[in-house]
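Try each task before reading its solution.

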Amino acid sequence: MTVDDNLITKLSKLSSLEIDESKKENLKAELADIINFVENLKEIDVSGIEATFSTIEGGSPLREDVASQDLELSNHILKHAPKSENGYFVVPKIIE
């Protein structure tokens, strides 16, 4: 994959970030390094290694997933939101 100005422009638009012209060359080099690193990882033979989901021996300690509703907390959070309606955050439309 080639990191060029078109890719930087596309990534800038997708991320909604403004990228300074002075930083584009450095960003292209850094992205190229990241892509090369990932390409190197593809060359590693992991066919004999069993997949794991945790790096912690014996699994990770998780709390039980129990749904709860705290209206006071919800109202407090929504009170500080820039815009809310009917108990939900109102955000700008991002999908064209």
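**Exercise 1.** How many salt bridges does the count come to?

*Solution.* Keep in mind that this is a predicted model. Step one is the rule: look for a side-chain nitrogen of Lys or Arg within 4 Å of a carboxyl oxygen of Asp or Glu. Step two is the tally, which comes to four salt bridges. The next exercises look at some of these pairs.

**Exercise 2.** Find what the salt bridge between aspartate 5 and lysine 28 ties together.

*Solution.* Begin with the distance: the two side chains meet at 3.1 Å, N to O. Aspartate 5 belongs to helix H1 and lysine 28 to helix H2, so the pair ties together parts that are 23 residues apart in sequence. Finally, check the surroundings of each partner. Aspartate 5 has a relative accessible area of 41%, so this residue is partly exposed. Lysine 28, at 14%, is buried, because the cut-off for buried is under 20%.

**Exercise 3.** In the salt bridge of glutamate 21 with lysine 24, is each partner buried or exposed?

*Solution.* First locate the pair. Glutamate 21 and lysine 24 are both in helix H2, three residues apart, about one turn of the helix. Their side chains meet at 3.1 Å, N to O. Then read the accessibilities: glutamate 21 has 61% and is exposed, whereas lysine 24 has 14% and is buried.

**Exercise 4.** Is serine 12 buried or exposed, and which residues does it touch?

*Solution.* Locate serine 12 in helix H1, which covers residues 5-15. Its relative accessibility is 17%, so serine 12 counts as buried. Leaving out residues up to four places away in sequence, serine 12 touches Leu17, Glu18 and Ile19.

**Exercise 5.** Which residues make the nonpolar surface patch of about 670 Å²?

*Solution.* Colour the nonpolar side chains and pick out Ile34, Phe37, Val38, Leu41, Ile44, Val46 and Ile49, which make this patch. Then place one of them: valine 46 sits in the loop between helix H2 (21-42) and helix H3 (71-79).

Terms used: Residues numbered from 1 in each chain as written. Predicted model: local features only at pLDDT ≥ 70, side-chain atom pairs only at ≥ 80, totals over all residues. Heavy atoms only, no water. Helix = DSSP H or I, 4+ residues; strand = E, 2+ residues; numbered from the N terminus. Buried < 20%, exposed > 50% of the residue type's maximum accessible area, 1.4 Å probe, protein only. Contact = heavy atoms within 4.5 Å. Patch = residues over 30% accessible without salt bridge, like charges linked within 9 Å, V, L, I, M, F, W, Y side chains within 5 Å. Areas by Shrake-Rupley, 256 points an atom, 1.4 Å probe, with all protein chains shown as cover.
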